[in-house]
Amino acid sequence: MKKFLLIICAAIFLAGCGQKIQSVPPLPGTLPSALTAPEKIDTDIYFDATVSMKGFTTLAAGNVYLTLPDLLGDLCGAMGETNFFSFGEQIHPLDRANYRKFTSPDVYTELITSVANVVDRADPNHLSIIVTDLFESESDWSNVTQKLREKFFANHLAVAVIGIKNSFYGDIFDVGLNAAKFNYNSWDNPDRFRPFYLLIMGRDDFVKNFLQKFNEQQTLPNDTGYLLLSENLTENPSDFSNFELSDVENFYSDDTLGLDGRAKEFGLDNFNSAASFMLNWQYQPPLGACPLDLSDFDTEIEIFAVDGDENWILREKNDVRVSLLKDDRQSQSFLLKISLTPEKSLAEGKLNFVRIKIMPTERGYKLPTWIDLWSVNVDGSIKNFDGSKTVNLSRVLGSLKNSVFAASRPALLQINFVVTP
């Protein structure tokens with residue numbers, strides 16, 4: 001980002017841009033992150049050691065859980081240093097010998113589950129993975145959701161969930177208003193397998209990378225569901241580095257400022273004539289992405305111009321128009337048209353910066369279908385309890401989806417371009 005701004009400043013100083021600009025302030029807001037080579041990252045893995053997890057260790061048939069400590073150790077060890085912890089109400093560090101003991105039912109002795117404490121402890125500079133059945137003592141998931149929103153979503157970090165159906169023989173606790181206890185046996189019937197979950201938190205690219213690697217390593221045919229909650233809704237950056245430009249009217253491509261591929265520089269043929277361009281864009285949802293309804297979308301459009309004091313000033317009004325159309329010639333392909341009237345939107349004779357974000361609406365941002373299928377709501381009589389499902393899963397993960405939408409408004413596309421005088 002700093003290199004990008006230095007290039008802009010140097011180029012404007014040399015070119016003049018029709019103004020006596022000696023320096024240019026940093027661009028308002030941020031451009032999409034530049035593509036970088038994968039880095040190493042440390043991972044902290046937290047195993048839920050409460051008695052409700054014991055049943056995942058007791059049957060051999062269809063058991064992914066028994067291989068999990070070694071699988072996570074291998075996957076995360078390849079990315080950097082890996083640290084292991086157990087938790088109930090408190091958090092306890094584990095050495096390598098002790099973390100492998102989590103394949104034994106004897107270690108599950110904790111009586112209180114506090115995922116909230118783990119979120120408090122989690123280091124945002126690491127990748128954090130919580131292995132749990134998504135049970136929280138006193139059913140206080142609203143507290144967990146708030147902590148995830150403030151610590152991760154508000155800081156442009158991602159949270160993902162992997163759900164895995166596993167054989168189970170043991171007790172299920174605190175079901176319904178009377179906190180009933182059930183003994184449940186899945187036998188070797190996959191239709192009766194009970195889910196456990198990995199809650200993954202950290203930087204967007206590392207979370208996505210972990211999901212892909214975990215998916216590649218899954219060799220057993222257990223039902224598995226993925227959910228990714230991030231402000232970046234595409235597999236690859238959706239900026240000019242991945243756009244195909246076409247049907248340009250009254251704009252011409254310029255390279256006076258030497259911008260990198262994420263943003264585009266245009267000049268105008270005629271300041272008093274309508275201007276537009278078309279983008280061909282291929283939507284590539286990452287693993288676990290929330291399904292989107294793109295028949296309706298929201299836009300956030302801002303235009304800034306450099307004033308005589310060399311500051312970026314937000315213009316009060318603009319007439320920028322955005323159209324998003326499905327391209328039937330290819331699956332997940334879209335045509336995006338940006339139109340504006342320069343004299344109504346831009347400051348004449350000045351450097352202008354246009355920033356456009358295209359976002360799904362709240363109604364069009366949905367949970368993957370597997371979540372409803374794995375969720376059971378119980379009333380006071382607990383007549384509809386099903387041990388192969390997770391109590392209130394839709395509500396718990398729905399609250400996380402709403403949190404990322406509220407905290408950092410996921411964006412589908414970010415269109416940034418400069419118009420030189």
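Which residues is Lys389 in contact with, leaving aside its neighbours within four places in sequence? In this predicted model, they are Arg194, Pro195, Leu373, Trp374, Ser375 and Val376, where contact means heavy atoms within 4.5 Å. Lys389 lies in the loop between strand 19 (375-376) and strand 20 (390-391); helices (H or I, at least four residues) and strands (E, at least two) are DSSP runs, numbered from the N terminus. With a relative accessible area of 26%, Lys389 is partly exposed, a class between buried (under 20% relative accessible area) and exposed (over 50%), with a 1.4 Å probe and protein chains only. The C-alpha atoms of Lys389 and Arg192 are 8.7 Å apart, although 197 residues separate the two in sequence.

Residues are numbered from 1 along each chain as its sequence is written. Because the model is predicted, local features need pLDDT of at least 70 and side-chain atom pairs count only at pLDDT 80 or more, while totals for chains, interfaces and linings use all residues; side-chain values use heavy atoms, with hydrogens and water left out.

The average pLDDT (the predictor's confidence in each residue, from 0 to 100) is 88 for the protein, and 88% of the residues score at least 70. Over residues 1-24 pLDDT stays under 50, and the model has 40 contacts beyond four places in sequence for this stretch. Where pLDDT is low, the predicted coordinates should not be read in detail.

The protein contains 9 helices and 21 strands, and 53% of its 421 residues count as buried. Of the contacts between residues at least 6 apart in sequence, 77% join residues at least 24 apart.

An open sheet is formed by 4 strands in the order 10-13-17-16, with antiparallel pairing; two strands pair if DSSP finds at least two bridges between them. Strand 10 (244-249) and strand 16 (321-326) stand at the edges with a single partner strand each, so one side of each is left without a neighbour in the sheet. Neighbouring strands of this sheet are turned by 20 degrees against each other on average, direction ignored, the axes being lines fitted to C-alpha atoms. Strand 10 is joined to strand 13 by 4 bridges, and Leu245 stands opposite Leu279 of strand 13. Strand 13 in turn pairs with strand 17 over 8 bridges, with Met278 opposite Lys337. Between strand 16 and strand 17 (residues 333-340) there are 6 bridges, and Val322 has Ile338 as its bridge partner. In strand 13 (residues 275-282), 7 of the 8 residues are buried, so this strand is largely enclosed by the rest of the structure.

The largest nonpolar core has 67 residues, of which Phe251, Leu336, Ile338, Ile356, Leu397, Ile415 and Phe417 touch the most other members. A nonpolar core is a set of buried Ala, Val, Leu, Ile, Met, Phe, Trp, Tyr and Cys residues joined through side-chain atoms within 4.5 Å. Helix 9 supplies the largest share of this core, 6 residues. A second, separate core of 41 residues includes Phe102, Tyr108, Phe168 and Leu228.

Helix 9 (residues 393-408) has 16 residues and should span 22 Å at 1.5 Å a residue, which agrees with the 23 Å between its end C-alpha atoms. Among its buried residues are Leu393, Val396, Leu397, Leu400, Val404 and Phe405. Beyond four places in sequence, Leu397 is in contact with Leu134, Val161, Leu227, Leu367, Trp370 and Ile371. Just after the helix, Arg409 takes a positive phi of about 25 degrees.

Notes: Axes fitted to C-alpha atoms, helices over the stretch in contact; angles between N-to-C directions. Expected span 1.5 Å × (residues − 1).
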